[in-house]
Amino acid sequence: MTTLSTPVRPRDVSRSPLGWDYVLEVEKVRKAFPGVVALDDVSLKIKPGSVHALMGENGAGKSTLMKIISGLYQPDSGNIRLRGETITLTSPLAAQQAGIAMIHQELLLMNSMTVAENIWIRREPRNRFGLIDHDAMYDQTEALLHRLKLNLDPDALVSELSMANRQMVEIAKAVSLEADVLIMDESTSSITETEVAHLFDIIRDLRDSGIGIVYITHKMNELYEIADEFTVFRDGKYVGTHDASSVTREEIIKMMVGREITQMFPKEVVPMGDVALKVEGLTLEGIFQDVSFDLRAGEILGFAGLVGSGRSNVAETLFGVTPATGGTITLDGKTLVMSSAYKAIRHGMAMLTEDRKETGCFLALDIQENMQIAAIHENYCRNGIVDEARLEVDCHDICQKLRVKTPNMHECIENLSGGNQQKVLICRWLLTRPRILILDEPTRGIDVGAKAEIHRLIVELARQGVAIILISSELPEVLGMSDRIVVMHEGRVTGIVDAVTADQTSIMSLAAH
């Protein structure tokens with residue numbers, strides 16, 4: 001067995017099998033953390049020149065296995081073989097040097113550095129004096145971006161890029177490693193359909209060059225479009241591997257969740273109450289202009305539009321994160337200046353942000369601390385004394401309701417899967433007992449079973465009279481869950497349509513304007 005701590009990749013190994021059928025083999029790997037077995041003797045085999053999708057609910061063990069393969073974790077038992085040779089990977093750097101690259105769901109870029117600097121960090125070309133050769137680095141970056149057909153400036157700061165372009169920088173960085181195995185974790189969660197199509201072209205080119213690609217996704221349409229085969233995990237166990245073309249969507253879902261899901265969008269028509277929120281001429285200079293709509297108690301108002309349309313910016317302004325420069329916000333007939341998120345919470349508003357890592361989770365805190373932070377002073381504190389017992393019971397009960405997978409309420413939220421982190425954030429806002437709930441991409445990075453649970457929860461809240469704004473990049477979700485849909489394009493409302501009579505074509509027509 002070879003142990004790779006600072007390994008050197010063999011130069012004479014091609015990307016076609018040389019006495020081995022699989023570029024990567026995982027055999028009976030087990031990994032346990034305090035109170036939970038994350039992986040229980042799981043296996044995975046990746047062929048060279050193939051796209052292998054890895055499917056499973058949040059908490060199924062997908063991310064844990066990928067962290068083992070990429071050198072971040074070490075398994076408690078089991079073997080990993082790379083190009084037919086059993087290896088031990090002691091660090092992410094060891095995995096990279098062995099020929100394994102990973103694009104994480106949560107981007108790991110340095111916002112204050114340029115595109116080129118991010119791509120070649122710790123691998124910068126040097127001149128004869130041992131200093132970084134910036135001209136050579138620029139030229140290498142430009143050649144790489146040209147190869148991937150990415151229209152990015154090597155000297156652009158990452159902080160100035162859109163989320164989609166940041167994702168493309170991560171992809172370019174991984175490709176620059178010339179890896180034999182490329183792991184892609186939810187790489188399409190924050191990019192448009194056009195960008196997804198471009199990404200899939202890149203993936204096909206990489207596959208055709210002989211790279212073995214592990215593709216983690218919760219989107220069924222992507223499985224059939226890009227994957228050659230797939231493996232399903234459930235509750236930390238291996239369920240099975242199949243050709244992507246050999247099973248139906250319903251069969252895959254049953255493999256993932258252990259049960260049939262009969263209705264993905266359980267929308268109900270519920271009696272609506274009075275207008276809870278009225279927005280007139282809302283403007284944030286340079287971002288969006290003259291946005292007007294109303295929202296009734298018990299209504300689910302969808303927001304659709306392409307990336308950059310201003311949907312999330314409107315939500316943040318409603319919630320006081322970025323106060324408006326014009327227009328009015330009226331809650332229950334009273335016009336308010338929404339100058340802070342605290343003020344919005346005091347008036348019965350809650351907002352789930354689209355980026356759980358940057359603006360949602362407090363990664364150093366545990367689950368209960370993350371949940372209670374918005375509600376503790378308003379709902380659980382009297383005369384400066386916190387009702388700890390009631391708070392703990394409510395946090396536990398709501399976690400049970402949303403099926404958050406965790407050994408206990410004091411587990412650090414950073415140790416949860418992305419989907420379970422998302423559920424905890426939803427729990428946070430439900431504890432505030434909101435009258436107006438803004439959900440920005442509530443099911444991004446969520447498995448199909450959890451999506452159905454969250455959709456049922458949204459319907460239940462609407463039935464209770466909560467007024468809901470639902471922002472989503474997935475048109476089927478917006479159409480399937482909304483009563484009406486506000487469509488935006490480049491900071492302006494281009495239409496407000498009835499979800500019953502609208503379809504994807506009409507929505508996209510308004511979104512593209």
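This is a predicted model: local features need pLDDT of at least 70, side-chain atom pairs count only at pLDDT 80 or more; totals for chains, interfaces and linings use all residues.
Biologist: Let's begin with helix packing. How are two packed helices described?

Modeller: They are described by the angle between their axes and the distance between the axes. Here the axes are lines fitted to C-alpha atoms, for helices over the stretch in contact, and angles run from 0 to 180 degrees between N-to-C directions. Helices (H or I, at least four residues) and strands (E, at least two) are DSSP runs, numbered from the N terminus. For a case, take α5 and helix α6 (residues 193–208): their axes come within 12 Å and cross at roughly 5°.

Biologist: Which word describes how α5 and α6 lie to each other?

Modeller: Angles under 35 degrees count as roughly parallel, over 145 as roughly antiparallel, 65 to 115 as roughly perpendicular and the rest as oblique. α5 and α6 are therefore roughly parallel. Contact means heavy atoms within 4.5 Å, and here Ala164, Met168, Ile171 and Val175 of α5 meet Glu195, Leu199, Ile202 and Leu206 of α6.

Biologist: What classes do the residues of the contact of α5 with α6 divide into?

Modeller: There are 7 nonpolar, no polar and 1 charged. In this scheme Ala, Val, Leu, Ile, Met, Phe, Trp, Tyr, Cys and Pro count as nonpolar, Asp, Glu, Lys and Arg as charged, and the others, Gly among them, as polar.

Biologist: And at what angle do helix α4 (residues 134–147) and α5 pack?

Modeller: α4 and α5 pack at about 105°, with their axes 10 Å apart, and are therefore roughly perpendicular to each other. Leu144, Leu145 and Arg147 of α4 make the contact with Ala172, Val175 and Ser176 of α5. By class, that contact has 4 nonpolar, 1 polar and 1 charged residues.

Biologist: How do helix α15 (residues 418–430) and helix α16 (residues 448–463) cross?

Modeller: Their axes come within 12 Å and cross at roughly 10°, which makes α15 roughly parallel to α16. The crossing is left-handed, meaning that the near helix is turned anticlockwise from the far one by less than a right angle (clockwise would be right-handed). On α15 the contact residues are Lys423, Ile426 and Leu430, and on α16 they are Ala450, Glu453, Ile454, Leu457 and Leu461. They divide into 6 nonpolar, no polar and 2 charged.

Biologist: Let's stay with Glu453. Is it buried or exposed?

Modeller: Buried means under 20% relative accessible area, exposed over 50%, and partly exposed in between (1.4 Å probe, protein chains only). Glu453 is at 14%, so it counts as buried.

Biologist: Which side chain does Glu453 make a polar contact with?

Modeller: A polar contact is a pair of N or O atoms within 3.5 Å; within protein, one must be able to donate a hydrogen and the other to accept it, and residues adjacent in sequence count only if both atoms are side-chain atoms. The partner of Glu453 is the side chain of Arg403, at 3.3 Å. For another case, Thr443 sits in the loop between β20 (436–440) and α16 and is buried at 2% relative accessibility. Its side chain is joined to that of Glu477 by a polar contact of 2.7 Å. Leaving aside residues up to four places away in sequence, Thr443 touches Gln422, Lys451, Ile454, His455 and Glu477.

Biologist: Where is Asp180 found?

Modeller: Asp180 is in the loop between α5 (163–176) and β8 (181–185). Asp180 is buried, with a relative accessible area of 4%, and a polar contact of 2.5 Å joins its side chain to that of Arg83.

Biologist: Finally, how many residues of helix α9 (residues 311–318) are buried?

Modeller: 6 of the 8 are buried, so α9 is largely enclosed by the rest of the structure. The buried residues are Arg311, Ser312, Val314, Ala315, Thr317 and Leu318. Just after α9, Gly320 has a positive phi of about 85°.

Methods: Residues are numbered from 1 along each chain as its sequence is written. Side-chain values use heavy atoms; hydrogens and water are left out.
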